Amino acid sequence: MTVDALTDVAGIRVGHATLRGDGWLTGTTVVLAPDGGAVAGVDVRGGGPGTKETDALDPRNLVRRVDAVVLTGGSAYGLDAASGVMSWLEERGRGVRVGPDASHVVPVVPAACVFDLGRGGDFRARPDAATGRAAVEAAEASGPGAPVPQGCVGAGTGAAVGPLKGGVGSAGVVLDSGVRVAALVVANAVGSVVDPGTGVLYADLFEGRPLAGPSAARVEAARRRLSEVAARNAPPPLNTTLAVVATDADLSKAQAQKLAGTAHDGLARAVRPVHLLHDGDTVFAMATGRRPLDVDEPLALNAVLAAGADMVTRAIGRAVRSAESVDGPGGSWPSYGELYGSRAE
């Protein structure tokens with residue numbers, strides 16, 4: 001059975017900690033690797049990233065596996081959430097062994113943040129170590145293959161895509177080879193996800209099915225509403241779209257880094273423009289290694305690479321469609337569904 005989400009990759013679990021109300025509009029999402037970790041890579045293409053432990057994932061460096069990946073709101077302040085995840089893992093003896101005792105470990109927990117400061121009204125309301133711990137505990141409690149909550153949850157709680165509300169989205173696929181590839185995104189972009197002339201999501205153009213866009217009258221009404229909220233909201237000086245692409249294929253660190261890099265193509269299809277100086281666009285890749293690739297076929301990785309990009313595109317579309325409007329002291333971000341209507345998945 002599959003749930004069409006990141007948790008379709010056996011052993012991967014996802015947990016959210018969501019902080020809303022009383023000045024809060026932020027949160028943290030943790031992607032928990034199976035026991036023993038996952039081979040990982042990363043590709044950072046935004047000009048203003050906020051990250052932690054990404055250098056450890058360079059194929060030239062020592063660390064081969066990660067124990068979790070943290071995606072968090074709160075800009076660079078929110079990277080504190082990774083400390084809570086590390087302490088939780090340390091208590092369970094998970095991490096790189098660095099001493100004579102089994103408890104002497106250093107968990108490997110790369111992290112990246114999105115900018116959402118002040119969107120709930122309080123600039124100082126941001127995730128911390130306790131938020132990260134709550135998210136990893138939620139991941140552990142979710143169970144194998146659990147559905148992934150999407151929309152305004154976790155790191156997507158305060159996300160925005162241009163003038164629209166952003167959020168978390170996820171998608172997965174099983175390839176003809178039986179290999180599974182899936183993605184989870186936090187859609188929080190400076191660029192637009194909507195064709196302004198038709199109201200169609202750019203991500204929908206790659207779904208491979210007929211599109212029934214909103215009426216011209218609805219598109220014009222949406223344009224007027226977005227102009228109104230843009231005048232009310234503070235300019236979005238810093239944004240970031242984050243993604244984790246996971247597979248059960250047996251990949252090396254170099255192959256995982258390649259997967260993270262090509263997955264950015266999926267981001268470029270769904271958001272225009274991307275990878276700007278005030279974006280921190282970052283994609284992580286995780287490989288659990290349960291399915292070997294065909295060693296006699298040197299191009300077997302291609303199908304995984306293509307699927308990773310496709311799943312990022314689909315996940316961004318789902319993030320935007322799952323988001324709910326926010327109108328509060330920090331600003332107003334209408335949802336795509338409110339402005340343009342919904343379309344059945």
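Predicted model: local features only at pLDDT ≥ 70, side-chain atom pairs only at ≥ 80, totals over all residues.
How many bridges join strand 1 to strand 2, and do they run parallel or antiparallel? I started my notebook there. I counted 9 bridges between strand 1 (residues 13-21) and strand 2 (residues 24-32), and the two run antiparallel.

**Entry: the hairpin**

I looked at the turn next. Gly21 has Trp24 as its bridge partner in strand 2. The hairpin leaves 2 residues between the strands, and Asp22 takes a positive phi there, near 55°.

I wrote its order down as 5-3-15-14-13-12, with mixed pairing. At the edges I found strand 5 (65-66) and strand 12 (167-174), each of which pairs on one side only.

Strand 13 (residues 180-187) and strand 14 (residues 242-249) run antiparallel and are joined by 6 bridges. I picked out Leu184, whose bridge partner in strand 14 is Val244.

The side chains of Asp248 and Arg291 meet in one, at 3.4 Å from N to O. Asp248 belongs to strand 14 and Arg291 to strand 15, so this pair ties together parts 43 residues apart in sequence. I have Asp248 down as buried at 7% relative accessibility, while Arg291 is partly exposed at 36%.

**Entry: other salt bridges**

How many salt bridges does the structure hold? My tally is 13.

One of them joins Asp4 and Arg314, with the closest N and O atoms 2.8 Å apart. This pair links distant parts of the chain: Asp4 sits in the segment before strand 1, Arg314 in helix 5 (residues 301-322), and they are 310 residues apart. Asp4 is partly exposed, with 22% relative accessible area. I also flagged its backbone: Asp4 has a positive phi of about 55° although it is not a glycine.

I noted another between Arg45 and Asp43, at 2.9 Å from N to O. Arg45 is partly exposed at 36%, but Asp43 is buried at 17%.

I also found a network: Glu91, Arg92, Arg133 and Glu137 are joined by salt bridges that share partners.

**Entry: the loop between strand 6 and helix 1**

I stopped at two residues here. Ser75 lies in this loop, and I marked it for a positive phi of about 55° although it is not a glycine. Ser75 counts as buried, at 17% relative accessible area.

Tyr77 is in the loop too, between strand 6 (68-72) and helix 1 (81-91). Tyr77 is partly exposed at 42%. Setting aside neighbours within four places in sequence, I listed Leu117, Arg126 and Pro127 as its contacts.

**Entry: a cis proline**

Where is the cis peptide bond I wrote down? It runs from Arg272 to Pro273, with omega near -10°. I placed Pro273 in the loop between helix 4 (253-270) and strand 15 (282-291).

**Entry: a buried serine and a surface patch**

Is Ser332 buried or exposed? I found Ser332 in strand 17 (residues 331-333), buried with a relative accessible area of 2%. Apart from neighbours within four places in sequence, I listed Pro163, Arg225, Val229, Arg232, Asn233, Val326 and Asp327 as contacts of Ser332.

On the surface, I picked up a nonpolar patch formed by Val96, Val98 and Val106, with about 230 Å² of accessible area together. Val98 is in the loop between strand 7 (96-97) and strand 8 (105-106), and I have it as exposed at 57% relative accessibility.

Notes
Residues numbered from 1 in each chain as written. Heavy atoms only, no water. Patch = residues over 30% accessible without salt bridge, like charges linked within 9 Å, V, L, I, M, F, W, Y side chains within 5 Å. Areas by Shrake-Rupley, 256 points an atom, 1.4 Å probe, with all protein chains shown as cover. Salt bridge = Lys/Arg side-chain N within 4 Å of Asp/Glu carboxyl O. Helix = DSSP H or I, 4+ residues; strand = E, 2+ residues; numbered from the N terminus. Buried < 20%, exposed > 50% of the residue type's maximum accessible area, 1.4 Å probe, protein only. Contact = heavy atoms within 4.5 Å. Pairing = 2+ DSSP bridges.
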